[in-house]
Amino acid sequence: MLQKDSLFRRNDSFFRSSPPLPPAPATAGPGAQPAAEPAQPVVEKGEERKESKLIVGPDIKMKGVEVADCDTLVVEGRIEATLDSRVLQIAPNGTFCGTVAVDTAEIHGKLEGDLTVRKQLVIHATGKVSGKIRYAKIKVEEGAELAGEISMMERGAQSVQGVAVKRTGT
C-alpha cells in the first residue's frame with residue numbers, strides 16, 4: 001500500500017534560500033580603486049514606461065470585468081467587459097462583448113456592443129462588428145460585416161442609424 005505522506009512530501013530544503021554570498025575581496029594597495037557598485041537602471045522623466053499588454057488566450061472566457069491601464073488587449077478567446085485602452089486586437093476566433101473605447105482597433109473576429117475608436121478602426125475580411133460604432137477613420141475589408149448604429153466622430157459627419165452593411169466579393 002502506498003503511503004500518502006511519501007508521495008506528496010516535498011523536500012523543504014529545496015525551497016529554503018541559500019545564504020547570501022560573501023562580498024568580493026577588495027584589492028588593497030596604493031593604486032587600488034574602490035569596488036564598483038552594480039549599475040542601477042536610470043529612469044529619466046522623459047522616458048516612456050514599458051507597454052502593458054493583456055492576452056486573453058484561446059479557450060479562455062472572461063465575464064464581467066473592467067480592463068483598465070492596459071495599453072494593448074489581444075482577444076483570442078471570449079471576453080465580456082468594459083475596456084478603455086490604446087489598442088484592441090481581436091483574433092479570427094476571438095469575441096469581445098461590451099463597451100470599448102480605444103485609439104485603434106483591429107478586428108479579425110467578432111465585436112458586439114458599444115465601440116468608440118478615437119483614431120482608426122480596421123475590420124478585416126473575417127471581422128464582424130455590431131452595435132453602436134463611433135470612429136475617426138475606418139477601413140473595412142471586402143467580406144467584413146458591419147451592422148448597427150454607425151457614426152463618424154468628426155464635426156459635420158452624419159450619423160447613419162440602424163444600418164446593416166455586409167461587404168462581399170463581387
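These legends walk through several views of one predicted protein model.

**Overview: the whole predicted chain.** Residues are numbered from 1 along each chain as its sequence is written. Because this is a predicted model, local features need pLDDT of at least 70 and side-chain atom pairs count only at pLDDT 80 or more, whereas totals for chains, interfaces and linings use all residues; side-chain values use heavy atoms, leaving out hydrogens and water. Here pLDDT is the predictor's confidence in each residue, from 0 to 100. Its average over the protein chain is 76, and 62% of the residues score at least 70. Over residues 34–43 the pLDDT is below 50, and this stretch has 1 contact (heavy atoms within 4.5 Å) beyond near neighbours in sequence. Residues 156–170 also have pLDDT below 50, but that stretch has 30 contacts beyond near neighbours in sequence.

**View 1: helices, strands and surface.** How many helices and strands does the protein chain have? You can find 2 helices and 8 strands, in the order α-α-β-β-β-β-β-β-β-β along the sequence. Helices (H or I, at least four residues) and strands (E, at least two) are DSSP runs, numbered from the N terminus. Of the 170 residues, 26% count as buried, where buried means under 20% relative accessible area, exposed over 50%, and partly exposed in between (1.4 Å probe, protein chains only). The accessible surface of the chain (Shrake-Rupley method, 1.4 Å probe) is about 12600 Å², and 52% of that belongs to carbon and sulfur atoms.

View 2: Side chains of opposite charge can pair when their charged atoms come close. The structure holds 5 salt bridges, each a side-chain nitrogen of Lys or Arg within 4 Å of a carboxyl oxygen of Asp or Glu. One of them joins Arg86 and Asp71, with the closest N and O atoms 3.8 Å apart. Arg86 sits in strand S3 (residues 78–90) and Asp71 in strand S2 (residues 61–75), so this pair ties together parts that are 15 residues apart in sequence.

**View 3: Asp84 meets Arg118.** The closest N and O atoms of this salt bridge are 3.6 Å apart. Asp84 belongs to strand S3 and Arg118 to strand S5 (residues 110–123), so the pair links parts 34 residues apart in sequence. Asp84 is partly exposed, with a relative accessible area of 48%, and Arg118 is partly exposed at 35%.

View 4: The side chains of Glu112 and Lys110 form a salt bridge, 3.7 Å from N to O. Glu112 is partly exposed, with a relative accessible area of 32%; Lys110 is partly exposed at 34%. Look also for Asp84, Asp103 and Arg118, which are joined into one network by salt bridges that share partners.

**View 5: Thr126 in its loop.** Where is Thr126? Look in the loop between S5 and strand S6 (128–140). Thr126 is partly exposed at 49% relative accessibility. Not counting residues up to four places away in sequence, Thr126 touches His108 and Gly109. A polar atom of the Thr126 side chain lies 2.6 Å from the backbone oxygen of His108. Thr126 and Ala91 are 35 residues apart in sequence, and their C-alpha atoms are 9.4 Å apart in space.

Technical notes: A polar contact is a pair of N or O atoms within 3.5 Å; within protein, one must be able to donate a hydrogen and the other to accept it, and residues adjacent in sequence count only if both atoms are side-chain atoms.
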